[in-house]
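Please look at the sequence and the structure shown below, and keep both in view while reading this report.

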Amino acid sequence: MTDTFDVKRRGFFGAVAAGAAGAAASTIPGSPAKAQTVKPTVAAPTVQQAAAETQAPLAPKESELVGRTASDFMVDVLKSLPIDYVATMPGSTFRGLHESLVNYGGNKAPELLTCLHEEVAVGMCHGYAKIAHKPMASLIHGVVGMQHGSMAIYNCWADRVPALVMIGNTQALEERRPGAEWAHSAQDNAAMIRDFVKWDDMPVSLPHFAESTVRAYQQSVTPPFAPTAIVVNGDLAESSIGDVKIDIPALGHRYMPVGDPAALMEAAKMLAGAQAPVLVLDRCVRTQEGLANVVALAEALGAAVIDKGGRMNFPNRHPLNQSGRAKTVLAEADVVMGIETADLYGVIHSYQDRIHRVGRPLTKPGTKIISLTASELLIHANFQDFQRMQAADLSIIGDGESSLPLLLAAVRSVATTSSAMTDRVKKYADAAREDMDRQRQAATYAWDASPISVARICMEIYDKVQHEDWSLTAPSTFLSGWPTRLWNFTKAHQYSGESGGYGVGYASVASLGAALAHRDAGGGRIPVAVLGDGDLMCAPSILWTAAHHSIPILIVVHNNRAYHQELMHVQRMAARHGRGLENARVGTTITNPNIAFAKLADSMGVWSEGPIDDPNNLGPALARALAVVKSGKPALLDVISQPR
Amino acid sequence: MTHKIALLAAALMLPATLALADEPKGDAAHGKQLFLADGCYECHGYVGQGGPGLRLAPNPKPPVAIAAYIRNPVGEMPPYTSAVLSDQGIRDIYAYLSTIPAAPKLADIPLLKVGE
């Protein structure tokens, strides 16, 4: 297709540059040649410069180059898709598309979001999709920008979340400017990320771009969800489209792949006939409807539920939620069903980090295992995020949430309420109540300590937001799970879950994307991100983007001044090797100097306070921060915290 | 609960390598120093409140029980030999943990009146 566009875009620039250089030394215009001269301030022109000055231009004038630019058509393609945002850090490889988005496209639907690092641009897509239930796009620079964004792409992949990643490139060598543009071009730009995207393409014509971009979107939102990539050729984008009419494939309604009804009925019979059925949920629930279905399923079965927290899968205070007693209920189980469980093997096996690795099943012999997931449809070879294989007695291939209505109907058709089920449910309810009391008691320890306990931080936050429409956008894991232990999660959008790929920095970048989706959802939602200091320092520029785009979010820095997980790992090695423990802090702590997060936030236009190390000062500071967030702005508190 | 049982069992089976119960009391100040320098706080919190590791304070287990578990843990905790933490160090840490005041009563913390 490019052959039909006979206008070359860039030969002009070299001539202009040379001409400008050649004109640098001259007489003053209009002056007598010998009467007044000015001493040249630069060297005399080279032969090449002189030639450029005197010879005809190598290319047409710039104004002749563009009729209707191809990048405008690319914007038409993006506008044909339900994509509200394109997050970008600017790069010359996509300058044409950039300009078309903000001028031709009116910077609306999609709107360009300014990010200061490609990890932020892609990571925002990750967090956004979990809340908005649709992808947004990122537009990142060729080669170098892609490398910046690659970890966020990997997290997105490992978490099975949709995103459209667009990567700039200059494919035709004669179109590349000398120097940087060669370094930022590749013959196969997506090769480096191909192992962790679902599909990619590098369109070489506009019909190709239209079809592949729509296909990339479709692939991304088809379970198993995953990021897809489109390489945007800069030379194509900057070419003229003329009057050619190019069709854009329509994005029709798509139905989700559900499990085979007969297999779901078989699963229902196994579960309904069990003495102690257990449901293990991980990346199962996306919507409130899904949440209602999974609650109904558990209640119909009287099943214990283990929520692995990849999403907000199950109300944490529901009496059947036995996540805190996972080992106990697994030991009693005779049927275990994992629904979109990223690591079913890891759930039903113990593991100890010892020199001699020992793992054992947590279930008793003969326990039946059922798996329902679409993830088996998408496994790549290189990166090992697929975890160990768990043999299942019944494997059902289908999207978990989409299959729930069929599974629920099947269970309801075969399940009956028995005295055994009633007793089982009562036992679970009693255990859940006792567990809640233990958690509350556990939170009292170090309640008044400084640094401030993580339990205290979490409960001070909850005290301020519990009557709002709040959402926890960052993982609860590094908070010792205190939110999921003590807050009251009842809505699907109240928790964004885990990172998928465990790439540090996820919590910050994904929280910003989630906060954007919450803002757009309306109703004054309050996104809460408790971010580790190490995580935030991977992508501190989220603060600027939050301020620049007025994205309200309450950020509390869990500032334990260390990469604490790694500190514990090094200490473990020091103990194993029989050496002193003191040096474990070398390379793992973030002290000397301590990072002043409040100043950092302030420098980027974000309201902030801190460091706060007196627990009695935290509540009032949170109240002030919440007022800022409710006004539509981001706010940050730097809280000096206990390790976990 | 599993950890508590293991700790007790380990204490009962402890050979006579540690007669810590009969030894002089530890130095709480030095114990705090060790607790921080040796990284006990990483899993157990600065005041022993627990985290990834068990709660140690207030009311810590006797030194002999602590020593038994430290030397031969059965859970996720790595073993700490006398090469990295001496018996006297354990006594000192115990002395520090003994200084940790009782937590406030649950009923006196309004923020924890949740899920009742």
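## A pair of parallel strands

In this predicted model, A:V278 stands opposite A:V336, a residue of β9(A), and A:L279 stands opposite A:M337 of the strand β9(A). These residues belong to strand β7 (residues 277–281) of chain A and strand β9 (residues 335–339) of chain A, which pair in the parallel sense over five bridges. Strands here are DSSP runs of E with at least two residues, helices are runs of H or I with at least four residues, and both are numbered from the N terminus; two strands pair if DSSP finds at least two bridges between them. As background, strands of a sheet pair through backbone hydrogen bonds, either parallel or antiparallel.

Strand β9(A) is also joined by five bridges to strand β12 (residues 368–373) of chain A, and these two run parallel. In that pairing, A:L372 of β12(A) is the bridge partner of A:I339.

## The sheet and its enclosed strand

Why is β9(A) largely enclosed by the rest of the structure? Five of the five residues of β9(A) are buried, so the strand is largely enclosed. A residue is called buried if 20 or more other C-beta atoms lie within 10 Å of its own, exposed if 12 or fewer do, and partly exposed in between, with C-beta atoms placed from the backbone. Both faces of β9(A) are covered, with A:V335, A:M337 and A:I339 buried on one side and A:V336 and A:G338 buried on the other.

## An antiparallel hairpin

Strand β10 (residues 349–352) of chain A pairs over four bridges with strand β11 (residues 358–361) of chain A, this time in the antiparallel sense. The two strands β10(A) and β11(A) form a hairpin with five residues between them, and A:H349 stands opposite A:P361 in β11(A).

## Two helices of chain A

Helix α18 (residues 506–521) of chain A has 16 residues and reaches 22 Å from its first C-alpha to its last, which is close to the 22 Å expected at 1.5 Å a residue; the expected span is 1.5 Å times one less than the number of residues. This helix, α18(A), is mostly covered, with 13 of its 16 residues buried, and is followed by A:G522, whose phi is positive, near 75°.

In helix α15 (residues 419–444) of chain A we find A:A431, which counts as partly exposed because it has 17 C-beta neighbours inside 10 Å. Leaving aside neighbours within four places in sequence, A:A431 is in contact with A:Q322 and A:R325, where contact means that the C-beta atoms of two residues, placed from the backbone, lie within 7 Å. Although A:A431 and A:Q322 are 109 residues apart along the chain, their C-alpha atoms are separated by 8.1 Å.

## The two chains and their contact

Chain A has 23 helices and 18 strands, and buried residues make up 52% of its 644 residues. Chain B has five helices and zero strands, and buried residues make up 40% of its 116 residues.

The contact between the chains takes 39 residues from chain A and 29 residues from chain B. On the side of chain B that touches chain A, helix α3 (residues 40–44) of chain B gives the most, with three residues.

## Confidence and numbering

Chain A averages a pLDDT of 91, and 90% of the residues score at least 70; pLDDT is the predictor's confidence in each residue, from 0 to 100. Over residues 1–40 of chain A, however, pLDDT stays under 50. Where pLDDT is low, the predicted coordinates should not be read in detail.

Because this is a predicted model, local features need pLDDT of at least 70 and side-chain atom pairs count only at pLDDT 80 or more, whereas totals for chains, interfaces and linings use all residues. Residues are numbered from 1 along each chain as its sequence is written, while chains are lettered from A and ligands numbered from 1 in the order in which they are written.
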